[in-house]
Amino acid sequence: MFYVLVGFSFIVLIDIVPIIKRRSWRSLAALLLVFIPALAFALLLVTGVEVPSSLKFLGDVLKSLGLSY
Amino acid sequence: MRIDKGQISTKKFIFSIICYIQASAMLTSFITAIVYQDSWLVILFGMIVCVPLIWLFNSLMVAFPDMNLIQILNKVYGPVAGKVIGAGYIWFFLTLSSLNLMDLGDFTKLTFMDEMPLLVLALMCVIVTSMVVRKGIKAVAWYSSMFVVVAVAILVISILLLLNQMHYENFLPTLHLSVLDYVQGTHIILTIPFGELVAFLMITPNVKISRENNRKHLFTGFIVGGLTILFAVVRDVAVLGNTIDMFTLPSLVVIRLVRLGEALSRMEILFAIVLIILLFFKIVFLQYVTVIALAQLFNITSFRYLALSVGALMVAYGMTLYPNVVVHAASGREIIPFLWTLFEILIPLLTFIIAKARKLPGKKEAR
């Protein structure tokens, strides 16, 4: 958990702080769109929570439609 | 609006395509487990079936020379539907990046660092790839020519050194499987290495290319890349025969068999290094494409700030995709070809048809 938070703090310092200083809100929105899920996935992984696989879910959907070998 | 102002030469463009296809050499096990010694035939079928697809990608590049895929979608489907489909492509590119990153981690664990956690390997890789992506397309494509030359040299040397272990009988019997097996194999080869070239539609504005000569570059890259995969599989089948399906990495096993005295043995290390380099290139390219697609969707030019966060998401998301290599391979054989067909064939085809019907781009926009 500690290392994850340290790693993401680096991203905040390197990328998010300069964007806020430039007041580029559109860039901030784009960055947060990937930063927040990345942080959420990372925290879930380190706390041992099993995250469902999106590809497994889509695979099950395709199988139910008969689209698989 | 061009996100990345950098441009690459046509030569770098061709080498990037070759490098991108060669990086999929590891995934030949998806087909060898289905069509055994006929794998080379399936790759040949796949290359032939892929020609209209490459023509389709080329036609989109020629019709919209100053637009990347996300811009083309916005133009053809309108701002709302275009952005929704564009978001789908961002997911597609991100998933491809994550899958290749996990492949690289698994392969490195298998060959060099069996006790190193996958997470650490993926993180180390992503830190470097993010640094490259921040520099733009020029840095991404810079070493592609060198990577291709090294990969082709290793392929040629390995074929020459394995000539004494190749047997014509290993290709027999031919065409003895059911038609469905060949269809499945061709579908896999069409969607997994070749169809993924759709990612190159994202860098169309960054290639110094004339409208007239555009066609031959994509085809040249595709044919050379496809032929190197074909020759690698022919070599593997000639040495291993129908036992090829027993190995997750047939090329690694085959090159391990090279033995010319004490000096020339354990050559698989060269193959492993080359494959890691090629996979690294593919990850860098796909991460770059993901970043550019995201920047395009939000209409921003400062794409460099997105690289690290996309890299972090690639690692965290990649860890959730498949629990192990076996599940990944099964999914690659049974499900992924159908899923990727949507992004690699159906949407580009529909886009092309609608663009033609709407007479897009208009005369003013065409270069």
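How much area is buried between chain B and chain A, and what percentage of it do carbon and sulfur atoms give? The buried area is about 2,800 Å², and carbon and sulfur atoms give 76% of that; buried area here is the accessible area (1.4 Å probe) that two parts lose on being put together, summed over both.

This is a predicted model, where local features need pLDDT of at least 70, side-chain atom pairs count only at pLDDT 80 or more, and totals for chains, interfaces and linings use all residues. Residues are numbered from 1 along each chain as its sequence is written, chains are lettered from A and ligands numbered from 1 in the order in which they are written, and side-chain values use heavy atoms, with hydrogens and water left out.

**Chain B on its own**
- Chain B has 15 helices and zero strands, taken as DSSP runs (helices: H or I, at least four residues; strands: E, at least two) numbered from the N terminus.
- Its C-alpha trace spans about 65 × 45 × 35 Å along the principal axes.
- A compact globule of 367 residues would have a radius of gyration near 21 Å, and the 20 Å of chain B agrees with that; the radius is taken over C-alpha atoms, and the globule rule is 2.2 Å times the number of residues to the power 0.38.

**Where the chains meet**
- In contact (heavy atoms within 4.5 Å) are 34 residues of chain B and 31 residues of chain A.
- On the chain B side, Phe298(B), Tyr305(B) and Phe338(B) lose the most area to chain A, together 22% of what that side buries.

**Salt bridges**
- A salt bridge needs a side-chain nitrogen of Lys or Arg within 4 Å of a carboxyl oxygen of Asp or Glu, and the count over all chains is five.
- Between chain B and chain A the count is one.
- Asp15(A) and Arg134(B) join their side chains in a salt bridge at 2.9 Å, N to O.
- Lys56(A) and Asp60(A) also form one, at 3.6 Å, N to O.
- Why are Lys56(A) and Asp60(A) separated by about one helical turn? Because they sit four residues apart in helix α3 of chain A.

**A helix pair across the chains**
- Helix α3 (residues 54–64) of chain A packs against helix α5 (residues 79–111) of chain B at about 115°, with the axes 12 Å apart; axes are lines fitted to C-alpha atoms, for helices over the stretch in contact, and angles run from 0 to 180 degrees between N-to-C directions.
- Ser54(A), Leu55(A) and Leu58(A) make this contact with Trp91(B), Thr95(B) and Leu99(B).
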